[in-house]
Amino acid sequence: MDNYSIPNLLLEIEQEQCKLLSDLTFSEHVRYIYNPLYYAKETHEFYVRTYCNGQKIVLFLGMNPGPFGMAQNGVPFGDSAYVNNWLKIMGNVFKPDEEHPKRKIEGLNCSRSEVSGSRFWSFMEDVCGTPENLFKNCYVHNYCPFSMMTESAKNITPADLKAQEKKALLQICDEALYKIIMLLQVKIIVGIGKFAEVRAKKVVNTYNIPDITIINIMHPSPINPAANKGWKDIVYAELEKSGILKYMT
């Protein structure tokens, strides 16, 4: 497969995933749904076309967009400072159809830091030096592209959904993840947090994909007390032990 077609095919998989997710119905608990692959299409496509223009050995897998990260700019773990200055993402960002007054979309101009994203991309900058070093063999992707929240703007993750809602969403996102694994010919999946690791294992087992290693690294979220005590050192040790660092430098 030529490298030109890989980003196009990846974007097609995501578009189909978003279309299927948009057809789902959620309880009134899920009051707002943001789809950054729609309103931040330009910046998301810039990220995909710049950094996913070939097959990859390692897939770093997150869960879904954070309100001040990917929800703002369409880039996984998209802390604005790193999206602008390290990844150098460009493009217009518009608005979701319905916007929560406490969760305004400011795109690349978002001044609020996403702690998870800041920790994640700061680590990558420290270890890899340049984005080119990281993305030569690796790609960073979110399992679910939708950001969801309650009436009060409380973030809802896929793991928080009610059983039937969750089942329907997982089925769609599992299938999309399977297609992306096969497209990129991934050999190692790094689940960022337990949820992503569990979904990756489920997909690999369900579709009987051979020769894939799945490891877990601690999620950089500030909600996780352990992550606030030297997340970078912990993750560096995990990636070194599993032999993944060599693909990042």
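**Group meeting: pockets, loops and cysteines in a predicted model**

I'll start with the record. An unreviewed UniProt entry annotates residues 51–233 as "domain: Uracil-DNA glycosylase-like". UniProt positions are given here in the numbering of this model, feature names are shortened, and such annotations may be inferred rather than shown by experiment.

Now the ground rules. This is a predicted model, in which local features need pLDDT of at least 70 and side-chain atom pairs count only at pLDDT 80 or more, while totals for chains, interfaces and linings use all residues. Residues are numbered from 1 along each chain as its sequence is written, and side-chain values use heavy atoms, with hydrogens and water left out.

In the annotated span, residues 51–233, the end C-alpha atoms lie 26 Å apart. The span is 37% helix and 14% strand. Helices (H or I, at least four residues) and strands (E, at least two) are DSSP runs, numbered from the N terminus.

Next, the pockets. On a 1 Å grid over the protein atoms alone, a pocket is an open set of points with protein on both sides within 12 Å along at least five of seven lines, unlike a cavity, where a 1.4 Å probe fits but cannot get out; lining residues have an atom within 4 Å of a point. Points are joined across faces, edges and corners, and a volume is the space filled by probe spheres set on them.

The largest pocket has a volume of about 760 Å³. It is lined by 28 residues, and those nearest its centre are Ser116, Asn155, His219, Ser221 and Ile223. Sorted by class, this lining has 13 nonpolar, 10 polar and five charged residues. Ala, Val, Leu, Ile, Met, Phe, Trp, Tyr, Cys and Pro count as nonpolar, Asp, Glu, Lys and Arg as charged, and the others, Gly among them, as polar.

The second largest pocket has a volume of about 410 Å³. Its lining has 22 residues, with Ser22, Ile33, Asn35, Tyr38 and Phe146 closest to the centre. Which helix gives the most to this lining? Helix 1 does, with six residues. Helix 1 (5–22), strand 1 (32–34), helix 2 (36–39) and helix 3 (41–51) each supply at least two.

On to the loops. Gln185 sits in the loop between helix 8 (163–184) and strand 6 (188–192), and its phi is near 55 degrees, a positive value in a residue other than glycine. Gln185 is partly exposed, at 36% relative accessibility; buried means under 20% relative accessible area, exposed over 50%, and partly exposed in between (1.4 Å probe, protein chains only).

Asn208 also has a positive phi, about 55 degrees, and is not a glycine. Its loop lies between helix 9 (194–206) and strand 7 (213–217). Asn208 counts as exposed because its relative accessibility is 65%. Asn205, in helix 9, is exposed too, at 61%.

Last, the cysteines. How many disulfides are there? The count is zero, taking a disulfide as a pair of cysteine sulfur atoms within 2.5 Å. For Cys18, the nearest cysteine sulfur is that of Cys144, 8.3 Å away. Cys18 is buried, at 7% relative accessibility. The sulfur of Cys173 is 4.2 Å from its closest cysteine sulfur, in Cys144, and that is too far for a bond. Cys173 is buried, with a relative accessible area of 1%.
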